Amino acid sequence: MDVAEKVVAIDGPAASGKSTIGRMLADELGYLLIDTGCMYRAATWAAIQEKADIDDEKAVVELTKHLEMSIVSPMGYDDGRFYTVFLNNLDVTWNLRQAEVDAKVSQVSAYPGVRINLVKRQREMASRGEVVVVGRDIGTVVLPAAPLKLYVVASAEERAKRRWHENLSRGEESNYHDILADIIRRDDFDANREHSPMRQAPDAIRIDTSGRSVEQILKQIMELEYISHLAASSKIA
């Protein structure tokens with residue numbers, strides 16, 4: 001199988017389970033997980049650190065042109081991370097989950113210039129092959145020719161509970177109702193933004209994670225014909 005074909009695109013709303021599924025699938029295949037959402041979070045965190053005005057689109061776009069950003073495997077860490085994100089040589093993996101980033105990332109990611117700058121990097125990463133790429137517009141915009149596209153969904157209430165428990169497990173103060181309101185707000189914003197709105201690609205396979213274990217979901221995905229080919233190819237290699 002050609003290296004360029006060894007790409008799986010996974011899309012879905014916040015806390016739908018797409019990153020967890022992406023990480024487990026990447027582990028099964030021996031691939032790198034590229035969570036593009038963390039790239040927009042990194043840009044948002046950088047803007048906050050630079051005290052940039054988030055409403056100043058031009059300034060935020062300019063900032064993203066010069067960020068040194070990389071995503072690597074989580075080897076060497078045992079803190080629950082799926083990957084390690086470096087921004088200007090600084091490990092910012094957990095900084096990207098701060099509430100202030102949550103509140104501003106949708107606005108930053110909606111700026112066309114930001115998306116142009118980061119989509120270019122995402123395509124470069126994916127061109128190496130052997131990657132599982134996760135986001136909100138991978139199958140529709142970033143990698144529309146990806147040989148396999150999955151669209152992962154869950155109810156807003158279940159997603160809010162997941163994010164709430166995730167925050168509590170890290171010792172962060174968290175309010176379920178605030179998280180639910182933020183998820184509903186972000187869903188509406190992401191689905192209705194002018195540029196690269198979140199939507200299911202026509203040829204994507206829809207995966208509903210509501211009320212199901214990650215093991216059940218992974219089993220369903222591993223039984224897909226394309227994934228079976230990838231798994232066989234990985235074992236041969």
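Tutor: A search of the whole structure finds 18 salt bridges. This is a predicted model, where local features need pLDDT of at least 70, side-chain atom pairs count only at pLDDT 80 or more, and totals for chains, interfaces and linings use all residues. Residues are numbered from 1 along each chain as its sequence is written, and side-chain values use heavy atoms, with hydrogens and water left out.

Student: What makes D187 and R159 a salt bridge?

Tutor: The term asks for a side-chain nitrogen of Lys or Arg within 4 Å of a carboxyl oxygen of Asp or Glu. For D187 and R159 the closest N and O atoms are 2.5 Å apart, so the pair meets the definition. The bridge links distant parts of the chain, with D187 in helix α8 and R159 in helix α7, 28 residues apart. Helices here are DSSP runs (H or I, at least four residues), numbered from the N terminus, as are strands (E, at least two).

Student: Why is R159 called buried?

Tutor: Buried means under 20% relative accessible area, exposed over 50%, and partly exposed in between (1.4 Å probe, protein chains only). R159 has 4% relative accessibility, so it counts as buried. D187 is buried too, at 17%.

Student: Which residues are linked in a network of salt bridges?

Tutor: R163, E166, R170 and E172 are linked that way.

Student: How many aromatic pairs does a search of the whole structure find?

Tutor: It finds one aromatic pair. The rings of W164 and Y176 have centres 6.3 Å apart and planes at 65°, so the pair is edge-to-face. Rings of Phe, Tyr and Trp (its six-membered ring) pair if their centres lie within 6.5 Å; planes under 30 degrees apart count as stacked, over 60 as edge-to-face and the rest as tilted.

Student: How do you know whether W164 and Y176 are buried or partly exposed?

Tutor: W164 has 27% relative accessibility, so it counts as partly exposed. Y176, at 18%, counts as buried.

Student: What is the phi of A15?

Tutor: Phi of A15 is near 60°, a positive value in a residue other than glycine. Most residues other than glycine have a negative phi. A15 is found in the loop between β1 (7–11) and α1 (18–29).
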